[in-house]
Every structure is written in C-alpha cells, then in structure tokens.
Amino acid sequence: MTAWRVLLISGYRPESVKRRLTLHFPREAVHQPITYRLAVDFDIAAKILRAQIAPNQSGTMVVELSGDIDELDAAELWLEQQGLALNRAPGEIRIDPERCVDCGICSSVCPSGALRFDRPSQRLQFAAARCLVCEQCLPSCPLEAIALVLEQP
Ligand code: SF4
Ligand code: SF4
C-alpha cells in the first residue's frame, strides 16, 4: 500500500496553521466580501481582530487567518491581486513614556482613535485595543517615542 493511500485511509488532513495579517484596502476594494471568498475559495477561516473601514474610503483590517499552509500562501497572493497591501509581520505599537512629551501630534494622524490627546490632563492616551497597527503614527512623532514591536515568528 502506498504512503498516499495510507494517509487517505487514515483521514489525514494537512496541518492547519494561523497567520496574523494587517490588510490595507484601497478605496476600490473595500466592498469586496474578502472573508467570504477566503472561506469559499481557500477554505480559510478569517477572524477579524480589528477593522477600520468606511464606505467608499480606504481601510485597514487586522485578521487572523487559519487554514492549510499552501492555501494561506495562495490566499495571500490572491489578496494582493485584488489590490490589497499586506503587512505580514504585525506587532504592537508601544509608546515610550520616557521620550513622549505629550505634544499630541501623533493623535492627529491616527485613523482609529487609538491615540488621543486628552485636553483636560494635557496627556496623550493610547488605547491599544483600538490600534490597527497601520503604522501611520510612527513617522509623525518628532521624538521617535513610538515604536512597532514585531511579534516573534
Ligand atoms: S498604528 Fe498608530 S496610527 Fe495606526 S491605529 Fe495604531 S496608534 Fe493609530
Ligand atoms: S507625537 Fe510623540 S511625543 Fe508627541 S504625543 Fe505622540 S508619542 Fe508623544
């Protein structure tokens, strides 16, 4: 009996892996049923962790994809063909309290409201749960107090 037949008889299924991605949608692509197509065409489950997409505007979505590794590769290629930009190594945004002077500049570029300047206290507030890891705030800080800490592979 060949190895393939043994695998088929024993009900072997390729190992499912997880990948976390940040998807940047151009305006033309925001109406696409991305998670539906991933499920139907690639048998991939997409868990949306954070999303910031408005009708007729560009948007960002952080997703955790689960599926066969070859299908994940094919799905990523397909997503890029649809015009989406993919960040394959998302991490976390950290604010260095030793460097930050609470000038509030970064809050003006944050699309999700994760960075907010609190006027009464004159302090910067960072709500990590709202962060899309879009990285738009990184170049805005004149003191380089904002960093993207990448996840370990
Ligand atoms: S990466 Fe920066 S600009 Fe983007 S959502 Fe997070 S805090 Fe806001
Ligand atoms: S731009 Fe930099 S220094 Fe200013 S509030 Fe944001 S993190 Fe702090």
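Along the sequence, the protein runs α-β-α-β-β-α-β-β-β-β-β. That comes to three helices and eight strands. Helices (H or I, at least four residues) and strands (E, at least two) are DSSP runs, numbered from the N terminus.

This is a predicted model: local features need pLDDT of at least 70, side-chain atom pairs count only at pLDDT 80 or more, and totals for chains, interfaces and linings use all residues. Residues are numbered from 1 along each chain as its sequence is written, while chains are lettered from A and ligands numbered from 1 in the order in which they are written.

**Burial and contacts**

The protein has 153 residues, and 22% of them are buried. A residue is buried if 20 or more other C-beta atoms lie within 10 Å of its own, exposed if 12 or fewer, and partly exposed in between; C-beta atoms are placed from the backbone. Of the contacts between residues at least 6 apart in sequence, 66% join residues at least 24 apart. Contact here means C-beta atoms, placed from the backbone, within 7 Å.

**Positive phi**

Most residues other than glycine have a negative phi. Asp-102 has a positive value. Gln-122, also not a glycine, has a positive phi.

| Residue | Phi | Loop | Other C-beta atoms within 10 Å |
|---|---|---|---|
| Gln-122 | about 55 degrees | between S6 and S7 (123-126) | 10 |

Definitions and conventions:
Contact = placed C-beta atoms within 7 Å.
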